[in-house]
Structure formats: C-alpha cells, structure tokens
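Please read them alongside the sequence and the coordinates.

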Amino acid sequence: MTLGEKLSMYRKQNNYTQEQLAELVGVSRQAVSKWESDLAYPETEKLIKLSELYDCSLDYLLKDKQPEVQPNQVGLRLNFSDIHFEKKSTRMVHGVPLWHVNIGYGRSAKGIFALGLAARGVFSCGLFSMGVFSCGVMSLGLLAFGSIALGLLAFGALALGFIALGGLAVGAFALGGCAVGLISMGGAAAAQYLAYGDSATAQIAVGITEARGESAYLLPLEPEFRSHLFRSIETIVPSWLQWAADIVKAFI
C-alpha cells in the first residue's frame with residue numbers, strides 16, 4: 001500500500017471526513033485530498049501528528065509493508081485486549097465529535113457525549129469518567145455519579161463534593177451513612193456547624209441516640225428547646241449555608 005492509500009484507509013476507519021481531518025491537522029481539505037491521492041506528501045510534523053491521531057507508527061506509514069502481526073493476533077486465542085468497538089459522530093463541535101463510543105482495553109472516548117472505559121465529555125459514562133455530567137466507577141464532574149464520585153454535586157458510595165450524598169459523604173453539605181461536612185446529616189454525622197443524625201457531633205448537634213457538641217440536643221424536643229435550637233442555628237451557621245440549615249431544620 002502507498003502512503004496515500006494508508007492515510008485514506010485510516011481516515012475512513014476513524015470516521016473522519018477530509019474536512020474534519022484537515023481541521024484536526026491544521027491544513028486545507030485540498031491538502032488532505034492530495035496526500036490520499038499520492039499527489040503530495042505531508043510535512044514531517046504533519047506525519048507525526050497523523051501517526052499519533054491514527055495510533056500507528058511512522059515506520060508503517062512510510063514503508064510499503066503490511067502491519068506487523070502481534071502475538072495475541074495469532075491463532076484463535078482471544079483476550080480482553082483483542083476486544084474493541086469504536087464509533088464516532090461525523091458531526092464535529094469545536095473540533096470534538098458530537099458523540100464518541102470507544103470500548104476496548106487502553107482506549108478512551110472523547111466527545112460531547114462520550115462512552116468508553118475511559119470517557120471525557122460534557123456527558124460522559126465509563127469506568128473512569130470526567131465531564132460536566134459524569135457517571136462511572138470513578139467519576140469527576142460538576143454532577144458526578146459513581147462508586148467514587150467527586151463533583152460540585154456528588155452521588156456515590158464515596159462522595160466528595162460541595163453537596164455530597166453517599167455511603168461516606170464529605171462536603172460543605174453532606175448526607176450519608178457516615179457524613180462529614182460543614183453541615184451534615186446521616187447515621188453518623190460530624191460537622192463544623194450543624195450535624196443531625198443517629199449519632200451527631202458538631203458545634204450544634206442534634207442526635208437521636210447520641211449528641212456531642214457545644215449545643216447538644218436529643219430528639220424529641222420540647223417546643224421551647226426547638227425554638228432555642230433554631231435561634232442558635234440562625235446565629236452560628238453562616239448566611240451562605242442557611243439553605244442547608246433549613247433542610248436540616250425540616251427534619252427536626
């Protein structure tokens with residue numbers, strides 16, 4: 001195969017149009033057309049960029065030979081690294097595919113909508129995912145769902161975020177089996193300002209069976225104690241966290 005034939009083959013395998021490839025490499029569509037027709041050859045820096053984009057060696061692109069056969073491709077043996085599925089949108093948004101599905105060992109997906117073992121996108125889903133809206137075993141995003149979730153709003157077995165909900169939750173406002181934060185609610189709740197739970201520890205602690213803090217209350221509360229508690233909350237909790245305090249007060 002000639003260089004042009006290989007470039008054309010790889011472009012089609014990756015679902016790029018000549019216009020999309022030209023945008024990614026930084027040349028005109030006419031230049032891509034000439035490369036694939038063997039009427040011109042890419043400059044060295046463009047060849048390097050193409051080899052990285054197509055995940056192939058310069059040696060293979062420049063020499064007239066077939067791809068090397070890897071040991072795990074011989075015979076009928078199959079392992080996880082042999083499994084690979086990839087599809088991507090031909091529509092691009094600021095140089096990124098609208099959607100990209102890339103499933104396979106060592107593969108990653110990048111798109112507005114991304115799905116893969118490792119995924120990055122506005123909406124991402126994968127074993128490891130990062131995005132504005134992210135879902136995965138390990139997830140990072142403004143809105144994150146996962147076994148381990150880190151985000152502005154995080155949901156997970158282990159959740160870390162401004163608002164965190166999980167088995168173990170850590171955040172400015174934390175809700176969970178074990179919750180730690182500025183304000184927290186949970187089976188075991190510990191907080192700087194206000195904690196509510198079966199066992200609560202905080203400056204203001206409201207507990208069902210145990211409460212520890214400067215102001216500690218055990219439920220149920222008499223009306224006069226409830227009024228005193230609410231006044232203390234309004235005094236001690238910063239104004240920017242009063243919305244979270246109001247949520248806790250609704251359960252007292």
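1. In this predicted model, Ala202 has a relative accessibility of 8%, and because the limit for a buried residue is under 20%, Ala202 counts as buried. Ala202 belongs to the loop that runs between β7 (118-201) and β8 (204-212).

2. Beyond its neighbours within four places in sequence, Ala202 is in contact with Ala191, Tyr193, Leu194 and Ala195, and also with Arg212, Gly213 and Glu214.

3. How many disulfides does the model contain? The count comes to zero, with a disulfide taken as a pair of cysteine sulfur atoms within 2.5 Å. For Cys125, the nearest cysteine sulfur is that of Cys135, which lies 4.5 Å away, and Cys125 is accordingly in no disulfide.

4. Cys125 is partly exposed, its relative accessible area being 34%, and Cys178, at 33% relative accessibility, also counts as partly exposed.

5. Helix α2 (residues 18-25) packs with helix α3 (residues 29-36) at an angle of about 105 degrees, and their axes are 8 Å apart. Since angles of 65 to 115 degrees count as roughly perpendicular, α2 and α3 are therefore described as roughly perpendicular to each other. On the α2 side the contact is made by Gln18, Glu19, Leu21, Ala22 and Val25, and on the α3 side by Arg29, Val32, Ser33, Trp35 and Glu36. Grouped by class, the residues in this contact of α2 with α3 are five nonpolar, two polar and three charged.

Conventions: Residues are numbered from 1 along each chain as its sequence is written. This is a predicted model: local features need pLDDT of at least 70, side-chain atom pairs count only at pLDDT 80 or more; totals for chains, interfaces and linings use all residues. Side-chain values use heavy atoms; hydrogens and water are left out. Axes are lines fitted to C-alpha atoms, for helices over the stretch in contact, and angles run from 0 to 180 degrees between N-to-C directions. Helices (H or I, at least four residues) and strands (E, at least two) are DSSP runs, numbered from the N terminus. Angles under 35 degrees count as roughly parallel, over 145 as roughly antiparallel, 65 to 115 as roughly perpendicular and the rest as oblique. Contact means heavy atoms within 4.5 Å. Ala, Val, Leu, Ile, Met, Phe, Trp, Tyr, Cys and Pro count as nonpolar, Asp, Glu, Lys and Arg as charged, and the others, Gly among them, as polar. Buried means under 20% relative accessible area, exposed over 50%, partly exposed in between (1.4 Å probe, protein chains only).
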